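Please look through the sequence and the model shown here, and keep both at hand while reading.

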Amino acid sequence: MKKYLIILLLIAPFHTSQALSFGEVMDSVKKLMPWYESVSELTFELRDTKGNIFTEKNTKGKYLVINFWASWCTPCLKEIPAFVEFYKENSEHVEILGLDFEPVNIEVINEFVERFSINYPIILYSHINDTEFNKFGEIIGMPTTIIYSPKGELLQTFMGEITVEDLNKYISPLN
């Protein structure tokens with residue numbers, strides 16, 4: 001972002017005679033930066049334990065919370081009640097996907113979901129989903145939670161236990 005600001009300040013005197021939108025200025029600045037790489041739009045296709053498929057298309061319009069967790073991870077287990085509570089109150093404008101980042105069979109996960117009363121979709125690390133997990137970036141610690149806006153823009157990445165207050169800070173009810 002600092003690069004953009006510096007370049008904007010350098011070219012601003014040349015554009016003061018015209019009324020340009022921010023997007024038009026940014027487009028002209030990008031042409032001056034051959035090293036510029038556009039950030040690719042997030043695309044994914046994940047299948048939950050019930051067979052439902054979640055993509056960037058059918059989650060658009062809602063906040064998307066991606067939570068990487070594992071059943072052996074103590075902070076992961078401690079934050080599950082926060083996700084359950086938050087999803088119960090906000091499922092109309094939020095989609096939470098719990099991505100179990102460990103190879104485990106469905107019976108174990110189903111018992112786990114029942115024991116913790118998990119009310120949001122759980123995605124298993126399996127041959128179906130493993131390549132899709134990588135699309136959210138490198139995960140270096142558990143738990144990791146990523147929040148996207150209803151337009152698919154990255155809002156925040158948390159590493160470590162998250163609370164309802166953290167979720168409320170980045171997610172607001174849609175109008």
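This is a predicted model: local features need pLDDT of at least 70, side-chain atom pairs count only at pLDDT 80 or more; totals for chains, interfaces and linings use all residues.

Residues are numbered from 1 along each chain as its sequence is written, and side-chain values use heavy atoms, with hydrogens and water left out.

The protein chain has six helices and seven strands, where helices (H or I, at least four residues) and strands (E, at least two) are DSSP runs numbered from the N terminus. Read from the N terminus on, the elements follow the order α-α-β-β-β-α-β-α-β-α-β-β-α. Of the 175 residues in the protein chain, 42% are buried; buried means under 20% relative accessible area, exposed means over 50%, and partly exposed lies in between, with a 1.4 Å probe and protein chains only. Among the contacts in the protein chain with a separation of 6 or more, 67% come from residues 24 or more positions apart, a contact being heavy atoms within 4.5 Å.

The next topic is the core. In soluble globular proteins, nonpolar side chains tend to be buried together. A nonpolar core is here a set of buried Ala, Val, Leu, Ile, Met, Phe, Trp, Tyr and Cys residues joined through side-chain atoms within 4.5 Å. The largest nonpolar core holds 43 residues, and those that touch the most other members are Ile 66, Phe 68, Leu 97, Leu 99, Tyr 120 and Phe 136. Two or more residues of this core come from each of β3 (63–69), α3 (74–90), β4 (94–100), α4 (106–116), β5, β6 (144–148) and α6 (164–170), and α3 gives the most, with seven residues.

Which residues does Phe 68 touch, not counting residues up to four places away in sequence? Phe 68, found in strand β3, touches Leu 99, Phe 101, Phe 133, Phe 136, Ile 139, Met 142, Pro 143, Thr 144 and Ile 146. Phe 68 counts as buried because its relative accessibility is 0%.

Two of the residues touched by Phe 68, Met 142 and Pro 143, are joined by a peptide bond that is cis, with omega near -15°. Pro 143 is found in the loop between α5 and β6. Another loop, between α4 and β5, is the place of Ser 117, which has a positive phi of about 55° although it is not a glycine. Ser 117 is partly exposed, because its relative accessible area is 48%.

Asn 129 is found in the loop between β5 (122–124) and α5 (130–133) and is buried, with a relative accessible area of 2%. Beyond residues up to four places away in sequence, Asn 129 touches Glu 45, Leu 46, Arg 47, Ile 123 and Leu 124. Thr 55, in strand β2 (residues 53–55), is also buried, with a relative accessible area of 15%, and, leaving aside its neighbours within four places in sequence, Thr 55 is in contact with Phe 44 and Glu 45. Asn 110, whose place is in helix α4, is partly exposed, with a relative accessible area of 39%.

The chain has one disulfide, defined as a pair of cysteine sulfur atoms within 2.5 Å. Cys 73 and Cys 76 form this disulfide, their sulfur atoms 2.3 Å apart, and with 80° about the S-S bond the link is right-handed. Cys 73 and Cys 76 are both buried.
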